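Please look at the sequence and the structure on the screen while I speak.

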Amino acid sequence: MASTFRLPLFNNTIANNNNVGNVNGKLNNTNNNTKLNFNSSSKPTSSSVAAVNTNSNATTNLTTSGSFGNQGAAPIIATNGADKNNKIKNKKTRLTELVESSRNLPSLIGGESARNLSNTDSDLSLLGDSVQLSLSEIAKRSLQLGSSIDIKDYTRAHYLLAGSGLPIQDVEQYLKNLPNKNLQQSTLSATASTSTCPPSSNEKRVDLPYSDATQVNTINNGMKTSTDLDSYLRNKKDESILSSIENSLVVAAKDFDSFVNKNFNLDSWEKRKQEVRECFGILVKKRKVTSTFSNAPNASDYPLERVSWGNKSRELLTQVLENSRLNVNENILLRERFRKYASIIHELNNQRQNNVLGQLNFPLTETVLNDIFFSDSSNNSNSNNNNNNISSLAQYRQIIECWKILENCGSSKDVIQDSKKYLERQFLQYVDNLYKKNFNNEGLPTVVNKIRSFVEYKLKSSTTNQWKMKDLTIINDIPVWALIYYLLRAGCSSEALQVAIENKTSFRKIESSFLTYLKHYATSPNRELPVEFQTKLHTEYNQHIKNSLNGDPYRLAVYKIIGKCDLTRKTVTGVIFSVEDWLWFHLVLITDESSIGSALGDSLEKYSLEDFQNIVLSYGVAHFSANNYMQVLLLSGLYHEFVGYVLGDTKIIHEMDTMHLIFGLYYYGKLDNSKKSLVVTLDKILATYISSFIKSDPKVAVEYILLLTLDDTNENYIRTCHEMLRELVLSTKEFSILLGRVNNKDGTRVPGILELRYPLMKLKDKDEFLHTITERAARKADESGRVEDSLLLYQLSEEYDIVISIVNKNLSDLLSGFDYLQKHQQKELLWEETDDTNMITIASQLSEIYLNNSNLQITSKISSKNKETLLTLLKLVDIWRLFCNDEWQICLDLLNQVDLIPVFADEVTARRGATSLMINNEYIMKNIPNLLILTMSCVSHLVKILTGGNKPQNDESKGQQLKALKRIAKNCMTYSGITQYKMSKETYNILLNLEADL
């Protein structure tokens, strides 16, 4: 139920204190839906006061009627007993406390703080209305006023309001959750507008979201203009400092980002991160990118990353294969193998350099096989060592076979004939070894006897002494067609013809023309039959041989080989037993390219090398096995696919040998560098191999990089060679080994190994070498901020004028950054003579070598301006040394001798010198402010010494000295005042402070 209480009328005291005329107030609490109505009538007879209803949905009216002024007031409510009187008294007491508490609220705002504010305003009233405070300053002062208020305990008032349906905790929480962000944004925008233009008289009122019941009225119309000038200036100063700091941070961030983008590369960072992870044993999953080969159905069998240079700024020596794990210094055996390969490459380059105008005939394959694979087995006679060598050679069997294929093919471009000859020689060598092992004492060791022994070994059972195949044509206990076939397989066509002639009586009638066909085949240089014979052979084959029952398979194979018949079926069952036989049989069936398109080619079936290569790739490594696939690719002429296969695995097997084998392909011209579908280029292979010893053996790295210039017509590789040599110089910093050294006595240059090899770089002479390699490396080092390296490289390139220019720039920057108050720190730089990186030491040494050198060939290359600048800067170094040693008078005399600032004459000369200040040398001009500071500092110290002595004050010499010193100080200020815009503000302030101390 709603509780209602009534209050007695207030006396004249209340009316007089409040002096209320017409009051209409309304407070709506949206949370509790409580409405408090205060209605005061101006009539002298009645007033109504609303009572409080604790129910949130009820309205309680406190009604008070009475008269104001001097008239008295009589209660209109009757009392019924003492209980009612006590209740009225208690309620009156509670209301009185609430009124007292409410009276204290305006005193907090208009009390002492308000008085202080008014006093401040009155003290500065003379300033007028010229200073307008911004909203941010108003907010700041409001916080200061709020912090100075003493918070009193109004617990009773809180309880009373809470009992009336107005909980203070909810109000306080509501105020805390107000959108302060919008207030700040509006404040900042208002601040910006008020700070740039004067306030308008018609400015609209700004509503601050403090509460729903309280609002801030108009800013300019309702607020008295503050004239607190000190606070305003202090606020402006703080804002300026913060703005300067923010701008400095923005500029520094931009400079840092540009430096990082210029000097760092994400690719090299990722590579370095992977190396660090691998060093700590953290497994890194390698990404494999599938490469695409033209006309290769199963190119996914050996995926490899395709080369794409992309960003040209990336260093070439860092573009290595991701799956490389080679470390030539891993163990002694690997290091020894690396040394042997390096000596072969060094010997190759020596022969190239000695035969620049001749044709290179270096036996690379023979040298590699003898020095790398067969050297130990040939030198050791111990049986145990031989067994170890045999087992060691077994693991390199594929590599050895590939080198033998290269040795057989050489620089020839005829893949079909080269591969056939290799397979025929390989087979004949196998038959010879078998004959020596099993049939050494059976007849003469002729080719026919060896092949006959092989046929018996292959086709006859050793237990039953019977032929394994039933359809063989046996004549005199010899399978004639098998013997002819294997003689052709061994490349012995003349011996096959001899066997056919000896057994011609045994041939059938349908085989009577075979001798004619075989004779033309054996005597033909390209193993091709004339058109008429080939047509007739095809007819006989299709009518009698092809579909004959119980025919000899070797007869079918011989007919297919000689006449290239029935190319839809490229194999014969029961004849091919090995991968080598399969390859040879397909190679002999390939149609000569010269016959394609002719009348013969149009009438017969065609089988090209490209068709054969597609069949090989379609079968893939799974068909031929990993033990033979490398040889199959080489014998098929798939050289680029070979490179993709050996380098495409997650781990390259026998990486050192594989790298050199790929170089062997390039050396013999098997890799077409103009082909756009290259899997990986030679420069990347060499960079991968060099990366394993680039730090330990830079000389060897040079020899390998020079291999890029084997092809004189490949301009891209020649440019890549030059770039890689420059990167090698900068990355290893082995300048004395690679480029040479400079004699410290006369400045002459001693050449390094690169200069001795410049003919292999396809450079004309020494000057072109210095310009292409040394000078460009120096320029790159200078751009990267490597001052000491660039100085040495420019000396090695004989660019002495650039050397002195760089020294002048860095020495000028060093001296202009000196602080006259930090003398102890600068002494370490001024007197340090053992540090090779100290620019003062470098400048002194180069001055002695080049400027005082009697070698006119060197000094003539240095401009007179750079010479004078360096000598002047060295004098400034002497001035700083004297200043740091507190030798003021000598320092001042040397400043006068340098004659860079006209302050030691009269004032007119100083003004004239400042007006006509046209020093063209920027390195000298940069040090003028410091020279003025040194001059004023020396004058200040000398004045203190003169005025602080015990000599009589009327000493004439002392007075003249003081007068001269003060004249110098005055000239310095005159000079700096006229040229102030050319100096920093800090310099001018230092000069003012020094002048004030005089």
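I shall begin with the protein overall, then turn to one pair of helices and to several salt bridges.

This is a predicted model, in which local features need pLDDT of at least 70, side-chain atom pairs count only at pLDDT 80 or more, and totals for chains, interfaces and linings use all residues. Residues are numbered from 1 along each chain as its sequence is written, and side-chain values use heavy atoms, with hydrogens and water left out.

The protein has 45 helices and seven strands; these are DSSP runs numbered from the N terminus, with H or I over at least four residues for helices and E over at least two for strands. Of its 998 residues, 41% are buried. Here buried means under 20% relative accessible area, exposed means over 50%, and partly exposed lies in between, with a 1.4 Å probe and protein chains only.

Let us now consider the helix pair. How do the axes of helix 26 and helix 27 cross? Helix 26, residues 639-647, and helix 27, residues 655-667, have axes that come within 11 Å and cross at roughly 170°. The axes are lines fitted to C-alpha atoms over the stretch in contact, and angles run from 0 to 180 degrees between N-to-C directions. The two helices are therefore roughly antiparallel, a term for angles over 145 degrees. Among the residues that meet are Phe642 and Val646 of helix 26 and Met659 and Leu665 of helix 27, where contact means heavy atoms within 4.5 Å.

Next come the salt bridges, each a side-chain nitrogen of Lys or Arg within 4 Å of a carboxyl oxygen of Asp or Glu. The count comes to 22. In one of them, Asp657 and Arg337 meet at 3.1 Å, N to O. Asp657 lies in helix 27 and Arg337 in helix 10, residues 332-354, so that this pair links parts of the chain 320 residues apart. Are these two residues buried or exposed? Both Asp657 and Arg337 are buried.

Lys733 forms another salt bridge, with Asp789, their closest N and O atoms being 3.9 Å apart. Lys733 is partly exposed, at 48% relative accessible area, whereas Asp789 counts as buried at 13%.

Finally, the side chains of Arg749 and Glu798 meet at 3.3 Å, N to O. Arg749 is in strand 7, residues 749-751. Salt bridges that share partners join Arg749, Glu755, Glu798 and Lys861 into one network.

How values were computed:
Parallel < 35°, antiparallel > 145°, perpendicular 65-115°, else oblique.
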